[in-house]
Amino acid sequence: GYQGHGFHSQDLIDKIKNNIPLRIDKPINDFSFYSWVNINKKSNRNERHCHMHTDIFLSGVFYVKYPENSGVIRFYDPRGHLMQMQKDYDYYYDGYAYTYIHPKNNLLLLFPSWLEHDVEESKSDDERISIAFNINTK
């Protein structure tokens with residue numbers, strides 16, 4: 001799909017800043033954001049990736065428009081095959097090595113930049129519009 005880099009919206013930045021989980025004993029006051037717009041049409045998908053870089057504090061996505069069947073985001077369990085072979089893993093997680101999040105309009109997701117994820121293929125005739133971002137701190 002389309003990715004428009006360098007997107008900026010102060011309203012969105014303020015919304016994100018107000019939702020960042022922070023420790024009381026370690027306040028962070030200086031955030032910077034880099035964001036881009038994703039417009040995905042029917043059959044578009046995003047391959048498995050992460051946003052890992054030493055300067056990134058958190059990554060995220062804000063769903064502006066999420067039509068039904070336009071592709072869900074999937075986060076992969078980073079613990080690897082040794083953990084996934086254990087009986088408790090099968091019992092509690094049904095042996096799945098990933099978790100699906102079913103987006104909706106105006107949903108804000110924050111996640112560690114190292115967490116691998118992808119977005120499944122859109123089967124909708126309508127566009128899915130999201131704004132992805134990375135949060136940096138000084």
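The following chat concerns a predicted model of one protein and two of its residues.

User: What kind of model is this, and how are residues numbered?
Analyst: The model is predicted, so local features need pLDDT of at least 70 and side-chain atom pairs count only at pLDDT 80 or more, while totals for chains, interfaces and linings use all residues. Residues are numbered from 1 along each chain as its sequence is written, and side-chain values use heavy atoms, with hydrogens and water left out.

User: How many helices and strands are there?
Analyst: The protein has three helices and nine strands. Both are DSSP runs numbered from the N terminus (helices: H or I, at least four residues; strands: E, at least two). Their order from the N terminus is β-α-β-β-β-β-α-α-β-β-β-β.

User: What box do the C-alpha atoms fill?
Analyst: Along the principal axes, the box is roughly 45 × 45 × 20 Å.

User: How much of the protein is buried?
Analyst: Of its 138 residues, 38% count as buried. Buried means under 20% relative accessible area, with a 1.4 Å probe and protein chains only.

User: Which share of the contacts joins residues at least 24 apart?
Analyst: Among contacts between residues at least 6 apart in sequence, the share is 87%. A contact means heavy atoms within 4.5 Å.

User: Turning to serine 35, where does it lie?
Analyst: Serine 35 belongs to strand 2, which covers residues 31-40.

User: Why does serine 35 count as buried?
Analyst: Serine 35 counts as buried because its relative accessible area is 10%.

User: What lies 2.5 Å from a polar atom of its side chain?
Analyst: That is the backbone oxygen of phenylalanine 7. Leaving aside neighbours within four places in sequence, the contacts of serine 35 include His5, Gly6, Phe7 and His8, as well as Ile131, Ala132 and Phe133.

User: And histidine 117, buried or exposed?
Analyst: Histidine 117, in strand 8 (residues 117-119), is buried, with a relative accessible area of 4%.

User: Which side chain makes a polar contact with that of histidine 117?
Analyst: The side chain of histidine 51 does, at 3.3 Å. A polar contact is a pair of N or O atoms within 3.5 Å; within protein, one must be able to donate a hydrogen and the other to accept it, and residues adjacent in sequence count only if both atoms are side-chain atoms.

User: What else is in contact with histidine 117?
Analyst: Leaving aside neighbours within four places in sequence, the residues in contact with histidine 117 include Glu47, Cys50, Ile73, Tyr76 and Phe111.

Definitions and conventions: Buried < 20%, exposed > 50% of the residue type's maximum accessible area, 1.4 Å probe, protein only.
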